[in-house]
Amino acid sequence: MKILLVFDFDNTIIDDNSDTWIVQCAPEKKLPIELQDSYEKGFWTEFMSRVFKYLGDEGVREDEMKRTMISMPFTPGMVELLNFIRKNKDKFDCIIISDSNSVFIDWVLEATNFHDVFDKVFTNPAAFDGSGHLTVENYHAHSCNRCPKNLCKNVVLVEFVDKQLKQGVNYTQIVYIGDGGNDLCPITFLKKNDVAMPRKGYTLQKTLSRMSQNLEPMESCVVVWSSGVEIISHLQFLIKE
C-alpha cells in the first residue's frame with residue numbers, strides 16, 4: 001500500500017520557471033518585443049517553440065542552455081524533501097506532471113542526482129534537432145476546456161492511476177504538490193482521503209482560498225506549504241497514520 005506523490009516542476013521543485021529562466025541565454029538576456037508579444041493564452045508550448053528557434057538562430061548552443069538550466073535554484077527545503085522520499089521509497093511512488101519539457105527536467109534531475117526519486121515524468125517532449133535547435137511538442141491532445149491545449153494534468157493523473165491499478169498497484173491516497181493555475185484541474189478531482197498541497201502565495205493557493213471563501217466544494221484536504229521541510233512533516237504524519 002503506497003501513497004502517490006504528484007509534483008509540479010516549475011516554482012515547485014525548482015524555485016523559478018524554467019521557460020523564462022532560459023531567456024538568460026538570449027542576447028542581452030531578453031527576447032525581442034515582437035517575440036514576447038506573440039504569446040497567445042493557452043498556446044505556451046507554441047510560444048516556447050518560437051523562443052527556442054530564436055535562441056538557436058542566435059547561436060545559443062545546447063551546452064550553454066544546459067549550464068543555464070542547471071544553475072536554477074531548488075525551492076527551499078526541496079532537496080531535503082526529495083532525500084526524505086528517497087529514504088522512504090517503499091512507502092511512496094513519485095511522479096512529475098509538468099508543462100516544462102523533457103530536456104530541461106532531465107538536465108536538472110541528472111545534475112542533482114534525483115532521477116531515481118521519480119518513477120515517471122510526464123511533460124512536453126523535447127529534443128535537439130540536426131541544426132542544434134531545441135524543439136518541443138505538445139504532451140498530448142485532450143478535450144478539457146479548463147487547461148492549456150497541450151496538457152491537462154488531470155487526464156495524465158487519472159490515466160496513470162488507472163494504469164497502475166491494472167498492474168495491481170492501488171494507492172491509499174494521492175498527495176498533489178504544486179503552485180500554478182494548471183494544477184487546479186487535477187486537484188478538483190482529488191478524493192476525500194487525498195491531500196492538495198499548494199505553495200503559499202502562488203496562483204494555486206490563491207485560487208483554492210477564493211474557492212473556499214465561495215464555499216465551492218473540495219473533497220480533498222488542503223495543506224499550504226512554503227518550504228519542502230513542511231511537506232516532510234505532513235508526509236511523516238501520513239505514514240504514521
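Here is a walk through this predicted model, from its cores to its rings, cavities and a few single residues. Residues are numbered from 1 along each chain as its sequence is written, and side-chain values use heavy atoms, with hydrogens and water left out. Because the model is predicted, local features need pLDDT of at least 70 and side-chain atom pairs count only at pLDDT 80 or more, while totals for chains, interfaces and linings use all residues.

Let's start with the nonpolar cores. A nonpolar core here is a set of buried Ala, Val, Leu, Ile, Met, Phe, Trp, Tyr and Cys residues joined through side-chain atoms within 4.5 Å. As for burial, buried means under 20% relative accessible area, exposed over 50%, and partly exposed in between, with a 1.4 Å probe and protein chains only. The largest core holds 54 residues, and Phe-7, Leu-55, Met-65, Ile-85 and Leu-235 have the most contacts inside it. Take Leu-55: setting aside residues up to four places away in sequence, Leu-55 touches Ile-22, Cys-25, Ala-26, Val-60 and Met-65, where contact means heavy atoms within 4.5 Å. There is also a second, separate core of 19 residues, with Ile-174, Tyr-176, Leu-184 and Ala-196 among them.

Next up is helix H9, residues 203-213. Helices (H or I, at least four residues) and strands (E, at least two) are DSSP runs, numbered from the N terminus. The buried residues of H9 are Leu-204, Gln-205, Thr-207, Leu-208 and Met-211. They span an arc of only 165° around the axis, so they sit on the same side of H9; the arc is that of the directions from the helix axis to the C-beta atoms. What lies over these buried residues includes strand S6 (171-178), helix H8 (184-188), strand S7 (195-198) and strand S8 (221-222). Just after H9 comes Leu-215, with a positive phi of about 55° although Leu-215 is not a glycine. Leu-215 belongs to the loop between H9 and S8, and at 72% relative accessibility Leu-215 counts as exposed.

Now for the rings. A pair of aromatic rings is described by the distance of the centres and the angle of the planes. Rings of Phe, Tyr and Trp (its six-membered ring) pair if their centres lie within 6.5 Å; planes under 30 degrees apart count as stacked, over 60 as edge-to-face and the rest as tilted. The structure has 12 aromatic pairs. In one of them, the ring centres of Trp-44 and Phe-47 are 5.2 Å apart and the planes are at 50°, so the pair is tilted. Both residues sit in helix H3 (residues 44-57), 3 residues apart, or about one turn of the helix. Trp-44 is partly exposed at 22% relative accessibility, whereas Phe-47 is buried with a relative accessible area of 6%.

Another tilted pair joins Phe-74 and Phe-114, with ring centres 6.0 Å apart and planes at 55°. Phe-74 is in the loop between helix H4 (62-69) and helix H5 (78-87), and Phe-114 is in the loop between helix H6 (102-111) and strand S3 (120-124), so the pair ties together parts that are 40 residues apart in sequence. Phe-74 counts as buried at 17% relative accessibility, and Phe-114 counts as buried at 4%. Elsewhere, ring pairs link Phe-52, Phe-104, Trp-107 and Phe-128 into a cluster.

Grid points are joined across faces, edges and corners, and a volume is the space filled by probe spheres set on the points. The model has 2 cavities of 30 Å³ or more, and the largest cavity contains about 40 Å³ of space. Its lining includes Trp-44, Phe-52, Asp-99 and Asn-124. H3 gives the largest share of that lining, 4 residues.

Finally, two single residues. Ile-97, in strand S2, is buried with a relative accessible area of 0%. Leaving aside neighbours within four places in sequence, Ile-97 is in contact with Val-6, Phe-7, Asp-8, Phe-122, Lys-153, Val-156 and Leu-157. Asn-113, in the loop between H6 and S3, has a positive phi of about 60° although Asn-113 is not a glycine, and counts as exposed at 58% relative accessibility.

Definitions and conventions: On a 1 Å grid over the protein atoms alone, a cavity is a set of points where a 1.4 Å probe fits but cannot get out, and a pocket is an open set with protein on both sides within 12 Å along at least five of seven lines; lining residues have an atom within 4 Å of a point.
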